[in-house]
Amino acid sequence: MEAYDIGYLSLIACFLLLAIPLFVSHYLKLGLINETVVSVSRMILQLAFVGFFLTVLFDLNNSAVNLLWLLVMILMASHSTINEVGLDLKKLLLPTVVSFIVGNFLILLYFNMFVVDLENLFDARYLIPIFGMFLGNSLRGNIISVSNFYDTIRRNENRYLYSLSLGAKRHEAILPYARKSIKLALKPSIASMSTTGIVALPGMMTGQIIAGSSPILAVKYQMAIMVGIYVSTVMTVAIGIFMTIRSSFDDYGILKKDVFKSTNT
Amino acid sequence: MNSELLKYKDISIRYGEKKVLSHFDLDIKKGDRILLKGRSGAGKSTLLKMPMGFAHQTSGNLYFNNSLLDSNTVWDARKRIAYVSQDLDIYEGSVNEFIEEVFSYSFNEGKLDRTKLRRLLVYLGFEKDVLDMHFEELSGGEKQRIGIIMSVLIGKDIYLLDEVTSSLDSALKEKVANYFLERKDWTLVIISHDDVWEKENVRVVPVGV
């Protein structure tokens with residue numbers, strides 16, 4: 001059983017629905033017409049690009065090319081983490097890349113080898129979408145934890161220094177802040193696991209069901225994916241903090257001021 | 001030989017273009033009690049932070065136990081020196097949790113002396129239940145006293161005290177100053193506007209005049 005195709009005419013029919021939000025925005029003077037048009041256009045362009053790109057990638061299905069694409073995804077995720085948080089790219093790119101690689105790629109290999117049991121571990125059809133789901137979630141987690149960590153340690157600098165003066169080694173002084181940030185970053189993943197299936201049907205599962213899989217198979221995939229996402233997020237977030245610490249604190253154990261992009265606090 | 005524990009040699013401090021302190025020298029020997037005096041902004045607090053590595057001179061050298069203070073030796077200095085600042089942002093959580101955390105730090109090898117803790121709490125006018133209170137429930141003066149007690153409990157013998165009596169009433173100021181000044185083998189470097197510290201055997205050192 002295959003999913004019904006959506007023709008291009010039908011797609012246009014779908015976009016006609018956007019008349020409703022545009023009308024609402026106009027009527028209530030929400031001022032969202034421009035934003036809506038821009039973001040819908042971006043969505044169309046980006047997804048169209050990904051559609052063509054993935055078609056080429058899947059047809060090619062060359063392990064080296066697939067891996068190269070994963071690397072590009074990791075670089076983009078790292079860049080976006082550091083940028084979002086307002087840190088200095090040059091100093092923190094490498095540690096962030098390492099955290100994404102260890103947290104996501106290693107888990108992905110395990111996943112493809114032992115859970116999905118693929119013949120070709122680097123099969124584009126599995127490698128790229130699953131990696132995308134892992135990476136997207138650990139990206140969100142990493143942004144939360146890294147930004148919270150550097151933010152609180154900078155805001156509470158006196159308290160941090162105080163613990164150094166009370167006999168803490170650098171890692172002992174840092175640990176309470178790291179712990180808090182990691183917990184904060186993991187909360188969304190934990191919450192989404194505990195509400196999944198009741199509050200919302202996950203997108204991947206829905207997609208599989210529409211594409212013709214049995215609900216049981218879709219559910220099994222969904223369980224596996226959620227565990228994978230949680231594990232990769234935990235690893236990325238924990239490694240992310242501890243890897244960046246090495247380049248963002250000086251030998252006196254003090255946060256370097258120049259890890260932040262701009263000098264204004 | 002009574003050699004210097006701390007030696008400030010030809011220290012100058014500048015913030016950007018602004019000259020804060022020029023060519024400051026000070027030798028501190030074991031058992032010295034020194035009161036740094038000077039107008040605000042003269043660099044007193046910076047001088048006190050330097051042995052902990054929390055602030056750095058623009059030029060000149062600082063020696064701790066006869067070795068140049070750098071990113072290696074600063075950790076030895078931190079093991080021996082208690083630095084208590086006027087900052088009251090101490091901890092998030094209860095006093096008990098704070099004490100336990102501090103005693104879990106690697107550089108504090110001693111065990112918490114509960115009797116000493118109780119004695120200090122009583123001496124500084126606390127009711128017993130303060131241990132279960134959270135820092136956000138404490139007043140400035142209470143936080144300041146907990147900070148002082150903590151620095152004493154971890155058993156150091158060099159104290160850098162930056163306005164540690166500023167939020168206390170006059171009876172408590174007197175008690176804190178007496179407590180420190182009575183311990184003859186402790187080395188004290190003090191910044192304070194309170195005259196309770198100006199006793200005999202306390203050497204007043206002018207900063208930035």
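**How chain A and chain B meet in a predicted model**

Between chain A and chain B, 8 residue pairs are in polar contact, with both partners at pLDDT 80 or more. The elements of chain A that give two or more residues to the side touching chain B are α7 and α8 (170–195). Of these, α7(A) provides the largest share of that side, with 7 residues.

On one side, 20 residues of chain A take part, and they are in contact with 29 residues of chain B. The size of an interface is often given as the accessible area lost when the parts come together. For chain A and chain B, the buried area is about 2100 Å², and carbon and sulfur atoms give 56% of it. Charged side chains have a part here too, for 3 salt bridges are counted between the two chains.

Is Arg159(A) buried or exposed? Its relative accessibility is 14%, and because buried means under 20%, Arg159(A) counts as buried. Setting aside neighbours within four places in sequence, Arg159(A) is in contact with Tyr177(A) from its own chain and with Asp89(B), Ile90(B), Tyr91(B) and Glu92(B) from chain B.

One of these neighbours, Asp89(B), is a salt-bridge partner of Arg159(A), with N and O atoms 2.8 Å apart. This pair crosses between the chains, running from the loop between β6 and α3 (95–104) of chain B, where Asp89(B) lies, to helix α7 of chain A, the place of Arg159(A). The side chains of the two residues also make a polar contact, at 2.8 Å. Asp89(B) has a relative accessibility of 26% and so counts as partly exposed, whereas Arg159(A) is buried.

Together, Arg159(A), Lys180(A), Asp89(B) and Glu92(B) are linked in a network of salt bridges. Side chains of opposite charge can pair when their charged atoms come close.

Helix α2 (residues 73–80) of chain B gives another view of the packing. Its buried residues are Thr73(B), Val74(B), Trp75(B), Ala77(B) and Arg78(B). What do these residues pack against? Their partners are α7 and α8 of chain A, along with β4 (59–64), β5 (67–68) and β6 (81–84) of chain B.

Salt bridges are found within the chains as well, and over all chains the structure holds 15 of them. In chain A, Asp258(A) and Lys91(A) form a salt bridge whose closest N and O atoms are 3.5 Å apart. This pair links distant parts of the chain, 167 residues apart: Asp258(A) is in the segment after α10 (215–248), and Lys91(A) is in helix α5 (residues 89–115). With a relative accessible area of 42%, Asp258(A) is partly exposed. Lys91(A), at 29%, also counts as partly exposed.

In chain B, the side chains of Lys199(B) and Glu174(B) meet in a salt bridge at 3.0 Å from N to O. Here the partners are 25 residues apart, with Lys199(B) in the loop between β8 (187–191) and β9 (203–206) and Glu174(B) in helix α6 (residues 170–182) of chain B. Lys199(B) is partly exposed, at 30% relative accessible area, and Glu174(B) is partly exposed at 33%.

Attention now turns to the nonpolar residues. The largest nonpolar core has 137 residues, among which Phe149(A), Leu36(B), Leu47(B), Phe98(B), Phe180(B) and Trp197(B) touch the most other members. Helix α6 (residues 124–155) of chain A contributes the largest share of this core, 13 residues. Beyond residues up to four places away in sequence, Phe149(A) touches Ile174(A), Tyr177(A), Ala178(A), Ser181(A), Ile241(A), Ile245(A) and Phe249(A).

Finally, an unreviewed UniProt entry places the feature "transmembrane region" at residues 6–28, 40–58, 64–80, 92–114, 189–211 and 223–245 of chain A. In the model, residues 6–28 are 78% helix and 0% strand, with end C-alpha atoms 33 Å apart. Residues 92–114 are 100% helix and 0% strand, and their end C-alpha atoms also lie 33 Å apart.

Notes. Residues numbered from 1 in each chain as written. Chains lettered and ligands numbered in written order. Predicted model: local features only at pLDDT ≥ 70, side-chain atom pairs only at ≥ 80, totals over all residues. Heavy atoms only, no water. UniProt positions renumbered as here; feature names shortened; annotations may be inferred. Helix = DSSP H or I, 4+ residues; strand = E, 2+ residues; numbered from the N terminus. Core = buried A, V, L, I, M, F, W, Y, C linked by side-chain atoms within 4.5 Å. Buried < 20%, exposed > 50% of the residue type's maximum accessible area, 1.4 Å probe, protein only. Contact = heavy atoms within 4.5 Å. Polar contact = N/O pair within 3.5 Å; in protein donor to acceptor, adjacent residues only side chain to side chain. Buried area = accessible area lost by both parts, 1.4 Å probe. Salt bridge = Lys/Arg side-chain N within 4 Å of Asp/Glu carboxyl O.
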